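Thanks for coming, everyone. Let me put the structure up and walk you through it.

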Amino acid sequence: MFPNHRPRRLRSHSQLRRMVRETVLTTSDLIYPLFAVPGEAIAKEVKSMPGVYQLSVDKIVEEAKAVYDLGIPGIILFGIPEDKDIEATGAWHDCGIVQKAATAVKEAVPELIVIADTCLCEYTSHGHCGYLEVGDLTGRVLNDPTLELLKKTAVSQAKAGADIIAPSGMMDGFVQAIRTGLDEAGYEDTPILSYAAKYASSYYGPFRDAAESTPQFGDRRTYQMDPGNAREAIKEIELDIAEGADMLMVKPALAYMDIIWRVKEASNLPVAAYNVSGEYSMIKAAALNGWIDEQRVVIETLTGFKRAGADLILTYHAKDAARWLS
Ligand code: PBG
Ligand code: ZN
């Protein structure tokens with residue numbers, strides 16, 4: 001034992017621990033996801049995600065106010081459309097559900113940052129993130145036709161008031177396509193938060209209940225990344241950076257802490273981590289059973305994402321965490 005080296009000296013008092021703490025989670029780090037549905041006065045709890053609701057636009061506005069009052073800087077919007085079709089009309093239509101929600105929120109709470117998730121899976125009849133040939137049951141998503149639809153979706157979301165466009169479909173070239181579309185439509189100043197390293201994960205299960213976006217056949221492994229790959233994540237982010245991404249996301253977060261770290265090291269852009277639905281549901285389930293201390297586990301988990309390199313954390317725990325941090 002070396003008497004000069006006693007790390008415990010700095011752990012002896014809570015204020016001392018506070019002084020030397022390297023990573024401090026704050027409410028500014030958080031982004032809260034919201035699910036918009038058609039109708040009025042609707043708040044329908046998602047079975048697999050206690051505390052998370054599908055909300056009609058009026059309720060989304062109420063929730064946005066509450067989120068803003070808690071000091072959370074932004075929300076990300078997902079939409080469940082009235083109708084789904086092969087062209088994902090609900091995604092890019094100017095009267096789409098996310099467009100309506102974005103406009104209403106910006107009108108009611110102009111200071112709250114509205115991020116629009118830009119993907120087709122909630123809007124296609126088959127539930128895939130891109131365009132498929134009619135009658136194709138093999139699930140071969142066509143890359144370039146999808147880019148055209150994503151471009152239209154992004155422009156329409158920006159027009160509706162979205163402050164940030166967040167494409168999540170893992171199509172090749174989607175950042176460039178969307179950047180071009182936004183610039184041509186006069187939205188040169190609208191940033192793109194790219195879901196750059198998004199893995200084909202089983203942790204998305206509860207989200208697909210919430211967003212009603214489970215693929216009707218096949219899976220997403222031909223476009224989302226293989227969980228075994230880390231170097232490929234760097235390739236993905238390099239492409240997205242070259243195409244003009246302003247921020248990069250890693251998703252999921254918990255099983256991919258190393259990827260958050262690597263992405264942080266490999267780029268100078270802000271890094272976002274998506275603490276996905278399955279991660280939320282596991283904590284909730286254990287907490288509801290009295291097996292873990294929810295508050296402590298959530299703060300520890302979110303602090304871990306930040307320590308790994310996340311500058312922004314998208315999380316269904318955001319409102320609770322904001323309360324606990326205040
Ligand atoms: C789809 C999309 C997914 C999530 C957000 N957008 C996953 C998927 O179904 O592939 C997952 C979010 C979560 O699990 O919380 N583009
Ligand atoms: Zn999708």
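Is Asp-219 buried, exposed or partly exposed? At 35% relative accessibility, Asp-219 counts as partly exposed. Buried means under 20% relative accessible area, exposed means over 50%, and partly exposed is in between, with a 1.4 Å probe and protein chains only.

Some ground rules. This is a predicted model, where local features need pLDDT of at least 70, side-chain atom pairs count only at pLDDT 80 or more, and totals for chains, interfaces and linings use all residues. Residues are numbered from 1 along each chain as its sequence is written, chains are lettered from A and ligands numbered from 1 in the order in which they are written, and side-chain values use heavy atoms, with hydrogens and water left out.

Back to Asp-219. Its side chain meets that of Arg-221 in a salt bridge, 3.2 Å from N to O. A salt bridge here is a side-chain nitrogen of Lys or Arg within 4 Å of a carboxyl oxygen of Asp or Glu. Arg-221 is exposed, at 63% relative accessibility.

How many salt bridges does the whole structure hold? A search finds 13. One of them pairs Lys-106 with Asp-163, at 2.8 Å from N to O. Lys-106 sits in helix α4 (residues 97–108) and Asp-163 in the loop between α5 and β6, so this pair ties together parts that are 57 residues apart in sequence. Helices are DSSP runs of H or I with at least four residues, strands are runs of E with at least two, and both are numbered from the N terminus. Lys-106 is buried, with a relative accessible area of 18%. Asp-163 is partly exposed, at 23%.

Next pair. Asp-311 and Lys-264 meet through their side chains in a salt bridge of 3.0 Å, N to O. This one links distant parts of the chain: Asp-311 is in the loop between α11 (294–308) and β10 (312–315), Lys-264 is in helix α9, and they are 47 residues apart. Both partners are partly exposed, Asp-311 with a relative accessible area of 32% and Lys-264 with 30%. There is also a network: salt bridges that share partners join Lys-284, Glu-294, Asp-320 and Arg-323.

Lys-284 takes us to helix α10. Among the buried residues of α10 are Lys-284, Tyr-280 and Ile-283. Nine of the 12 residues of α10 are buried, so the helix is largely enclosed by the rest of the structure. Helix α10 covers residues 277–288 and reaches 16 Å from its first C-alpha to its last, close to the 16 Å expected at 1.5 Å a residue. The expected span is 1.5 Å times one less than the number of residues.

Now the metal. Which residues are the protein donors of the zinc ion, ligand 2? They are Cys-119, Cys-121 and Cys-129, each through SG, lying 2.2 to 2.3 Å from the ion. Donors are N, O and S atoms within 2.8 Å of the metal, or 3.2 Å for Na, K and Ca; water is not among the atoms, so sites may look incomplete. The spacing of the donor residues in sequence is C-x1-C-x7-C. Cys-119 and Cys-129 both lie in the loop between β5 (113–118) and α5 (143–159), so the pair ties together parts that are 10 residues apart in sequence. Both of these cysteines are buried.

And the geometry? The ideal angle for four tetrahedral donors is 109.5 degrees.

On to the backbone. Ala-88 has a positive phi of about 55°, although it is not a glycine. Ala-88 lies in the loop between β4 (74–79) and α3 (89–92). At 0% relative accessibility, Ala-88 is buried. Ile-80 is in the loop between β4 and α3 too, and is buried at 4%.

Last stop: a cis peptide bond joins Lys-251 and Pro-252, with omega about -10°. Pro-252 lies in the loop between β8 (247–251) and α9 (257–266).
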